[in-house]
Amino acid sequence: MSAEPRPVTSRHAPRRSTGKASVLVASGILGSRVLGLLRQSLMARYLGAGVASDAFVAAFKIPNLLQNLFGEGALSAAFIPVYARLLAEGDEREADRVAGAVAAILALAVSVFVLVGVLAAPWLIYVVAFGFSGERRDLTIALTRVLFPGAGLLVLSAWCLGVLNSHRKFLVSYAAPIAWNVAMIVALIVWGRHPDKARVAVYLAWASVVGSALQLLIQLPVVRRVAPEVRIRLSRSSAHVREVLRNFGPAFVSRGVVQLSSYIDQFLTSFLPEGMVTVFAYSTTLYNLPVSVFGMAISAAELPEMARSGVIEGDASAALRGRLDAGLRRIAFFVVPSAVAFLALGDVLARLLFEHGRFTALDSVYTWGVLCGSAVGLVGGTLGRLYSSTYYALRDTRTPLRFAIMRVAATTVLGVVGAFVVPRWLGVDPRWGTAGLTASAGLAAWLEFTLLRSRMNARIGVTGLTARYTITLWALAVAAAGIAVMAQGSVMRLGRMTGGVAVIALYGVAYLGGALLARVPEAQSLLGAVARRLR
C-alpha cells in the first residue's frame, strides 16, 4: 500500500468535485468546436466537395497523426497521473523536474518526426490516400509539407494542457484551440473567393500553422504562472520521469492503434467516389462534437482527480466506482440525444451547417447517411473514453491497448464489408459505402467498450448505467425527435438557417423538458446550475 498523501501546499487546491471542472473543459471545447463548425461550413462554401477539399482533408490527416500520437491522448495518459500525484503529495520540486524533462524529451522526439514527415511526404500519402492520383495526389503532398510543423507545435501545446489540467486550470488549455480555428476562418474569409481552389487550400494550410503557434503561445504564460520553477532539461535520471516514459510506450501504441482505426477509414474512403473524403470529414466533425464536449470534458476533468486518489482498494475502490458511475450518467444524458439527433435530424444539421456555395443538397443527403452510421457507436465510444481514463488513472496503460487492438481488427474487417460489399449487395450507389464504413466502426467501438467495462468491473466492482436509466434516456430522446420531425415540415418554411435552428432548438427543449418531468437527476442539476448562473 502506498503512503498517505502529504498535505498539499498553497499551489494546489484540496480535492473537490469535478462538476465545475467538467463545465470549464466543456466550455472551452464547445467554443472551439463551434468555431470548428464555422470553419468547416466556410470550407464547404469555398471548396465544396472536390479535388481541393479532398486533398486538404487527406493532407491534414497525416500530420494530425503526429499530434494524436504524441499529444493529448498518450501524453495525458502517461504524464498527468504521475505529475498530479506528485502535486497531491506536495513534492513540487520533483513535479517540476518531471515536467521539464518530459517537455525536453517531447520536443526532441517531435522535431525528428516533423523533419521526417516533411521529407517523406510523397510516401506518407500512400498511408491515407492510396487511391489518390494526379492533381489530387500532388496537392496533398504539398499541403502535407506545410502542415507538419504546425502539428509539432500542437504536440507541445498538449504538454501545456497536461501541466494546466494537473493544476486544475482547465479553461485556458481547452479554449486555446479557438485561436487555431480563428486563424483558419480569417484565411477562408480573405482568400476563399480566389478562383484557384488549390491555392485557397495552400493558404488555409499556412493559416493552420499560424494558428498552431498561437495556441501554444496562449498557454505558455499560464503554465509559467502555475509552475514557475519548471526548467526544460533533457534528463531521464528521475524515477518518475522513467515511469512516465514506461507508461507512455503502451499509451503511445494504444493511441496509435486508435488512430490506425481512423486511418483505415480514411484509406478505405479514398477508394470511394470523388467528394466522399470531404463528406466523411464533415460528418466526423459533427460526430466529434458530443464526443469532445461531453465525453472528453468529463474524462479530462476526472483523470487528475482519480490519479490523486492513491492505491485503489477498500473504500477507495467504492469512491472510484462512484466517480465512474456519476461520470457515465452525465455523459449518457447528453450523448444519447446526440445519437438520436444524428438519426432523425441529420439532414437538418447537414443543410444548416454545410449546404451552401459549392456544397449541394445531394452532398447533404450523403452527410446525413454518414451521420446515421456514426450514431451506431456514438454512445459506446464516448462512454469508453471514461473507462480508458480510469485505467490511466490507475497507471494501467496496457489494458486499454489490448482492447484497442481488438477494436482496430474489428474495424478493418467490418469496414471493408460495410464500405464495399454491402452497397454492392444492396445494389445502391457506391457513395453509400461511407455510411457503411461509419456504422462498422460503431460496432467495433461497442466491442471495445464492453471489454473495458468487463475488465474494470472485475477489478473494482460492478459499474455502468442501470437499465432503467438507459431506457428512460432513449425513450425521452425518441419522443423529442418525434416532436421535432412532426414540426419540421412547417418550421422549415422559415428558411434553411432559421428553420434549422428552430427544429434543433425544439428537439433540445422537448428532451430537457421530458427529462425534468421524469425527474432525471442530471436534468435537474443542469437546470439548477443554469439558475444559479443567472442569479
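A residue is taken as buried when its relative accessible area is under 20%, as exposed when that area is over 50%, and as partly exposed in between. The structure described here is a predicted model, and Arg351, at 23% relative accessibility, accordingly counts in that model as partly exposed. Asp347, by contrast, has a relative accessible area of 14% and is buried. These two residues form a salt bridge in which the closest N and O atoms are 3.7 Å apart, a separation that falls within the 4 Å required of such a pair. Both residues belong to helix H12 (residues 315-353), where, being four residues apart, Asp347 and Arg351 are separated by about one helical turn.

The overall architecture of the protein is helical, with 18 helices and zero strands. Of the 535 residues in the protein, 55% are buried. When contacts between residues at least 6 apart in sequence are considered, 87% of them join residues that are at least 24 apart.

Side chains of opposite charge can pair when their charged atoms come close. Another joins the side chains of Glu94 and Arg97, with an N to O distance of 2.1 Å. Glu94 and Arg97 lie three residues apart in helix H4 (residues 92-119), and they are therefore separated by about one helical turn. Within this pair, Glu94 counts as buried because its relative accessibility is 9%, whereas Arg97, with a relative accessible area of 40%, is partly exposed.

A further salt bridge is formed by Arg459 with Asp396, the closest N and O atoms being 3.1 Å apart. Arg459 is located in helix H15 (residues 433-460), while Asp396 is located in the loop between helix H13 (361-393) and helix H14 (398-426), so that the pair ties together parts of the protein that are 63 residues apart in sequence. The relative accessible area of Arg459 is 46%, which places this residue in the partly exposed class, and Asp396, at 15% relative accessibility, counts as buried.

Two packed helices are described by the angle between their axes and the distance between the axes. Helix H8 (residues 177-191) and H9 pack at an angle of about 155°, and their axes are 7 Å apart. Because angles over 145 degrees count as roughly antiparallel, H8 and H9 are roughly antiparallel to each other. The crossing in which H8 passes H9 is right-handed. On the side of H8 the contact involves Pro177, Ala179, Trp180, Ala183, Met184, Ala187, Leu188 and Trp191, which meet Val200, Tyr203, Leu204, Ala207, Ser208, Gly211, Ser212, Leu214, Gln215 and Ile218 in H9. The residues of this contact divide into 14 nonpolar, four polar and no charged.

Two residues of H9 may be described individually. Ser208 lies in helix H9 and, at 4% relative accessibility, counts as buried. Residues up to four places away in sequence being left aside, Ser208 touches Phe60, Leu147, Trp180 and Met184, and Trp180 and Met184 are included among the H8 residues that meet H9. Trp206 is likewise found in helix H9, which spans residues 197-226, but Trp206 counts as partly exposed, its relative accessibility being 48%. Although Trp206 and Leu147 are 59 residues apart in sequence, their C-alpha atoms are 7.1 Å apart in space.

In H16, the residues Leu473, Leu476, Ala477, Ala480, Ala481, Ile483, Ala484, Ala487, Gln488 and Val491 meet Gly499, Ala502, Val503, Leu506, Tyr507, Ala510, Tyr511, Gly514 and Ala515 in H17. The contact of H16 with H17 comprises 16 nonpolar residues, three polar residues and no charged residues.

Notes. Residues numbered from 1 in each chain as written. Predicted model: local features only at pLDDT ≥ 70, side-chain atom pairs only at ≥ 80, totals over all residues. Heavy atoms only, no water. Contact = heavy atoms within 4.5 Å. Nonpolar A, V, L, I, M, F, W, Y, C, P; charged D, E, K, R; others polar. Buried < 20%, exposed > 50% of the residue type's maximum accessible area, 1.4 Å probe, protein only. Axes fitted to C-alpha atoms, helices over the stretch in contact; angles between N-to-C directions. Parallel < 35°, antiparallel > 145°, perpendicular 65-115°, else oblique. Left-handed = near helix turned anticlockwise from the far one by under 90°.
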